[in-house]
Amino acid sequence: MGLFGTIWKVIKWTIIIGIPILAIQFWLETKTYLTTDTEIAKIAEKYVGEPHEEAFKKIAVELREKFPGHILPENDMQWIFVNAGGWMGSMCLLHASLTEYILLFGTAVDTSGHSGRYWANISDTILTGSFRQWKEGEIKSEMFKPGDTILHAWGETTAVQWTAGTWMVEYGRGFIPSTMVFALADTVFGTTDFVTMFYTFRIYAKALIQETSLTLLDWHSQVQQM
């Protein structure tokens, strides 16, 4: 293959990869979202300091009242292990679409590792425990306590550390399927816990089906009104 052929191949693959990325980014910047990180943080802050089991129940109830049909029913709430970046925690998904998610997260043991670098903005509001974050390029870490909200912006990476008994409410906005690569990497190549991977895919699929059903119902209603 000559120089021209190599250059054309690079250009071709740049177009093939670049156009979908730009299209998705444009969609993310212009679409309407269910909620915001500020709104979820305000809801979580009401229950700071309460036993986390009770706080989680109240948060789930409030979210179902505020976003009817968008929060998974109680019988679908399942705590699922998450192994990623060297750390281990547990999450309970409440809402998910292609561009947003709301979940409960925490750990019953001390754990630390790499945050991951995401095509999404992620915020966590701490209910109990403590969380330490060491940002890329800095030489000091920062400690967060109950009531604090930590923002992890698109493209950022940090070292993260949770103390045992840290529980939080998390909201993510971006291209959510892209975050699954990091979230499941340690499961695939480290723990080889494919049962947990199945649980993760199953609950995300349930949430996507729920959101798709609501979208179709909304479209049907709009068509009838035309």
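A charge is said to sit over a ring if NZ of Lys or CZ of Arg is within 6 Å of the ring centre and within 35 degrees of the ring normal. The legends below describe a predicted model, in which local features need pLDDT of at least 70, side-chain atom pairs count only at pLDDT 80 or more, and totals for chains, interfaces and linings use all residues. Residues are numbered from 1 along each chain as its sequence is written, and side-chain values use heavy atoms, with hydrogens and water left out.

**View 1. Charged side chains over the ring of Tyr33.** The charged end of Arg173 sits over the Tyr33 ring, 3.9 Å from its centre. Lys31 also lies over the face of Tyr33, at 4.4 Å from the ring centre.

**View 2. The protein chain as a whole.** The chain contains 5 helices and 10 strands (DSSP runs numbered from the N terminus: H or I of at least four residues for helices, E of at least two for strands). Its C-alpha trace spans about 65 × 60 × 35 Å along the principal axes. Of its 226 residues, 39% count as buried, where buried means under 20% relative accessible area, exposed over 50% and partly exposed in between, with a 1.4 Å probe and protein chains only. Among contacts (heavy atoms within 4.5 Å) between residues at least 6 apart in sequence, 71% join residues at least 24 apart.

**View 3. The aromatic pair Trp87 and Phe105.** The whole structure holds 11 aromatic pairs; rings of Phe, Tyr and Trp (its six-membered ring) pair if their centres lie within 6.5 Å, and planes under 30 degrees apart count as stacked, over 60 as edge-to-face and the rest as tilted. The ring centres of Trp87 and Phe105 are 5.7 Å apart and their planes stand at 85 degrees, so this pair is edge-to-face. Because Trp87 belongs to strand β2 (residues 87-96) and Phe105 to strand β3 (residues 100-107), the pair ties together parts 18 residues apart in sequence. Trp87 is buried at 7% relative accessible area, and Phe105 is buried at 6%.

**View 4. The nonpolar cores.** A nonpolar core is a set of buried Ala, Val, Leu, Ile, Met, Phe, Trp, Tyr and Cys residues joined through side-chain atoms within 4.5 Å. In the largest, of 29 residues, the members touching the most others are Trp87, Met91, Leu93, Tyr101, Phe105, Phe131 and Trp162. At least two residues of this core come from each of β1 (80-84), β2, β3, β5, β9 (158-162), α4 and α5 (194-225). A second, separate core has 19 residues, including Ile43, Ala44, Phe56 and Phe67.

**View 5. Helix α4 and its kink.** The 16 residues of α4 (residues 176-191) should span 22 Å at 1.5 Å a residue, and the end C-alpha atoms, 23 Å apart, agree; the expected span is 1.5 Å times one less than the number of residues. A kink of about 45 degrees is centred on Leu184, the bend being the angle between axes fitted to the seven residues ending at a residue and the seven starting there. Ile176, Thr179, Met180, Phe182, Leu184 and Thr187 are the buried residues of α4. Thr192, with a positive phi near 50 degrees, follows the helix.

**View 6. The surroundings of Gly116.** Gly116 lies in the loop between β4 (111-114) and β5 (120-128) and is buried, at 1% relative accessibility. Beyond its neighbours within four places in sequence, Gly116 contacts His152, Glu156, Thr157 and Phe182. Trp154 is 38 residues from Gly116 in sequence and 10 Å away in space, C-alpha to C-alpha.
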